[in-house]
Amino acid sequence: ELVASAQAGDRVALDRLLRLHFDRVHAVCRRIVGTSHDADDAAQEAMIRIVKGLHAFDGRSSFGTWAYRVASNTALDELRKRRRRPMLRVVGEDGDVAEVADQLAERQVEAIVERLSLDDAIAALPDDFRAAVVLRDVADLDYREISEVLDVPIGTVKSRIARGRSLLADRLGNHDTPDERPIQDTSPQSEPDA
């Protein structure tokens, strides 16, 4: 009812809807980006995207599930922005990097690079596995919610998450040639529903 009113242009309903979900949206962003400043930026951007995309919300999932998916995607975008920021390093007279000027920034950048490697590995998963893993491990939905979002039985959700995580572990464990090893869909043609 609140969503329908907000979609119809009721600003009071929109305000109530956003306030109702802001804390969880911020928590999703904080968990993904890791720093409160960047989480604040990501949460603000996520709220803007939620407002702009509200007309597209069709009710196939709960509003909260949809909003947390928007928040997750926005936070991942924030991580990609971080990767493009310059790193602060001290360069020696010979042109080599002599030392890291900001140890905290360096650790944050390393964490981001690891996170981006994970993003790349997730992107390489077969679509069905990727959707299940992201909804569980990024959006923090339970199996029942994922089952509703994907419109598949809970057993299939569990199977896809297990297989997706296994493929991620294989991909991320191969540090020698990470880009040369595409993830192969090893699932049988039909998945068990139990």
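A salt bridge is counted here wherever a side-chain nitrogen of Lys or Arg lies within 4 Å of a carboxyl oxygen of Asp or Glu. The structure is a predicted model, in which local features need pLDDT of at least 70 and side-chain atom pairs count only at pLDDT 80 or more, while totals for chains, interfaces and linings use all residues. Residues are numbered from 1 along each chain as its sequence is written, and side-chain values use heavy atoms, with hydrogens and water left out.

Eight helices and two strands make up its elements, where helices (H or I, at least four residues) and strands (E, at least two) are DSSP runs numbered from the N terminus. Read from the N terminus on, the order is α-α-α-α-β-β-α-α-α-α. The chain has 194 residues, of which 38% count as buried; buried means under 20% relative accessible area, exposed means over 50%, and partly exposed covers what is in between, with a 1.4 Å probe and protein chains only. The accessible surface of the chain comes to about 11700 Å², and 48% of this belongs to carbon and sulfur atoms. These areas come from the Shrake-Rupley method with a 1.4 Å probe, and for residues only the protein chains shown count as cover. Among contacts (heavy atoms within 4.5 Å) between residues at least 6 apart in sequence, 59% join residues at least 24 apart.

Within helix 2 (residues 11–33), Arg19 and Asp15 are four residues apart, a separation of about one helical turn. Their side chains meet in a salt bridge at 2.9 Å, N to O. Arg19 is exposed, at 62% relative accessible area, whereas Asp15 is partly exposed, at 36%.

Another salt bridge, at 2.8 Å from N to O, brings together the side chains of Arg49 and Asp77. This pair links distant parts of the chain, with Arg49 in helix 3 (residues 36–53) and Asp77 in helix 4 (residues 63–84), 28 residues apart. Arg49 is partly exposed at 33% relative accessibility, and Asp77 is also partly exposed, at 26%.

The side chains of Arg160 and Asp128 form a further salt bridge, at 3.7 Å from N to O. Here too distant parts of the chain are linked: Arg160 belongs to helix 8 (residues 154–173) and Asp128 to helix 6 (residues 127–138), 32 residues apart. Arg160 counts as buried, at 10% relative accessibility, while Asp128 is partly exposed at 43%.

What angle do the axes of helix 6 and helix 8 make where they cross? Two packed helices are described by the angle between their axes and the distance between the axes. For helix 6 and helix 8, the axes come within 8 Å and cross at roughly 95°. Axes are lines fitted to C-alpha atoms, for helices over the stretch in contact, and angles run from 0 to 180 degrees between N-to-C directions. The two helices are therefore roughly perpendicular to each other, a label for angles of 65 to 115 degrees, with under 35 counted as roughly parallel, over 145 as roughly antiparallel and the rest as oblique. Helix 6 contributes Asp128, Phe129, Ala132, Val133, Arg136 and Asp137 to the contact, and helix 8 contributes Val157, Arg160, Ile161, Arg163, Gly164, Arg165, Leu167 and Leu168. These residues divide into seven nonpolar, one polar and six charged. In this grouping, Ala, Val, Leu, Ile, Met, Phe, Trp, Tyr, Cys and Pro are nonpolar, Asp, Glu, Lys and Arg are charged, and the others, Gly among them, are polar.

Some individual residues complete the description. His26 is found in helix 2 and, leaving aside neighbours within four places in sequence, is in contact with Ala39, Asp40 and Ala43. The C-alpha atoms of His26 and Ala39 are separated by 6.6 Å, although the two residues are 13 apart along the chain. Ala43 lies in helix 3 and is buried, with a relative accessible area of 0%. Beyond neighbours within four places in sequence, Ala43 is in contact with Phe22, Val25, His26 and Cys29. Ser72, in helix 4, counts as buried at 3% relative accessibility. Not counting residues up to four places away in sequence, Ser72 touches Val28, Ile32, Val138 and Ala139.
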